[in-house]
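Colleague: I would be grateful for a close look at one part of this model. Please also place that part in the context of the rest of the chain.

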Amino acid sequence: MPANPVRGAVDSLANSRGRSTQHLLIGLGLTVGAVAVSALLARMNAPAEDNYEVYSDYEEAVPPPAEPPSKVFAMLWPPLFMALTLSGLRIWNAPKSAARTQALTLWGTAQALNAVWMALGSKRLGGQLAAAVASLGTAAAYVWRARQVDPPAASLVAPYVGWIGFANVLSEELWRKTPEIRTVH
C-alpha cells in the first residue's frame with residue numbers, strides 16, 4: 001500500500017505516477033481553464049429557454065423537433081466537461097512522447113474549436129456548422145491518438161464525441177432550413 005493513499009488515488013485517476021505535484025497542478029489548471037472557457041462561451045451565447053426570438057429568422061417559429069430540452073443539455077454538459085478535463089489531464093501526465101504532444105495538440109484544438117463554435121451563436125449558422133464539423137473531426141482524431149498514449153483517457157472522451165456528432169446533426173438541420181441566413185451572413 002502506498003505511503004499516502006490519497007496521492008495513490010489521485011495518481012491512479014489522473015495518470016500522474018512519478019509526476020510532481022506542481023506538474024499535476026499545472027495540468028489541472030490548463031485543462032480546467034480550457035474547458036471552462038468553452039463552457040462559459042456556451043453559457044453566454046445560449047438563448048433563454050423561452051426566447052423564441054432567436055428562431056425568428058428561421059422558416060419555423062420554434063426550434064426543430066430533434067432538439068433536446070435545455071434541461072437535457074444542463075444534465076449532460078457537466079459530466080462531459082469533467083470527462084474532457086480528466087482526459088486532457090491524463091494525457092498531460094503521460095510520459096513525454098511525440099504521440100502525447102500530438103494528443104495534447106488535438107485536445108487543445110478541440111477546446112478552441114468548441115469555443116469558436118459557441119462564440120458564433122445561433123445567428124451565424126454557417127460558421128457555427130463549420131466549427132462544429134471541425135470540432136467533431138478533431139475530437140475523433142484526439143480519441144484515436146489518445147488511445148495510443150493512455151486508453152482510459154480516450155475512453156473518457158468517446159461519449160463527448162457522440163454528443164458532438166448529435167449536435168452537428170442539429171446544427172446542420174438549422175443551417176439547411178435557413179437559406180436566408182446562409183446568404184446574408
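With which residue does Arg7 form a salt bridge, and how far apart are the closest N and O atoms?

Modeller: The model is a predicted one, in which local features need pLDDT of at least 70 and side-chain atom pairs count only at pLDDT 80 or more, while totals for chains, interfaces and linings use all residues. Residues are numbered from 1 along each chain as its sequence is written, and side-chain values use heavy atoms, with hydrogens and water left out.

Arg7 pairs with Asp11, and the closest N and O atoms of this salt bridge are 2.7 Å apart. The term denotes a side-chain nitrogen of Lys or Arg within 4 Å of a carboxyl oxygen of Asp or Glu. Because Arg7 and Asp11 are 4 residues apart in helix 1, about one helical turn separates them. An α-helix has 3.6 residues a turn, so residues three or four places apart point the same way. Helices here are DSSP runs (H or I, at least four residues), numbered from the N terminus. Arg7 is partly exposed, at a relative accessible area of 22%, whereas Asp11 is buried, at 11%. Buried means under 20% relative accessible area, exposed over 50%, and partly exposed in between (1.4 Å probe, protein chains only).

Asp11 has a further partner: its side chain is joined to that of Ser16 by a polar contact of 2.7 Å. Such a contact is a pair of N or O atoms within 3.5 Å; within protein, one must be able to donate a hydrogen and the other to accept it, and residues adjacent in sequence count only if both atoms are side-chain atoms. Ser16 sits in the loop between helix 1 and helix 2 (21-45) and counts as buried, at 0% relative accessibility. Beyond its neighbours within four places in sequence, Ser16 is in contact (heavy atoms within 4.5 Å) with Arg7, Val10, Asp11, Leu24 and Asn93.

The two ends of helix 1 complete this local picture. At the start of helix 1 (residues 5-14), a side-chain oxygen of Asn4 comes within 3.0 Å of the backbone nitrogen of Val6. Just after the helix, Asn15 adopts a positive phi of about 55 degrees.

By the rule above, the count of salt bridges is 2. Arg90 and Asp150 form one of them, with their closest N and O atoms 2.6 Å apart. Because Arg90 lies in helix 3 (residues 70-93) and Asp150 in the loop between helix 5 (125-149) and helix 6 (151-176), this pair ties together parts that are 60 residues apart in sequence. Arg90 is buried, with a relative accessible area of 9%, and Asp150 is buried as well, at 7%.

As to confidence, pLDDT is the predictor's own score for each residue, from 0 to 100. The chain averages 78, and 73% of the residues score at least 70. Confidence is highest in helix 4 (residues 98-120), at a mean of 89, and lowest in helix 7 (residues 179-184), at 51. Over residues 54-62 the pLDDT stays under 50, and the model has 25 contacts beyond four places in sequence for them.
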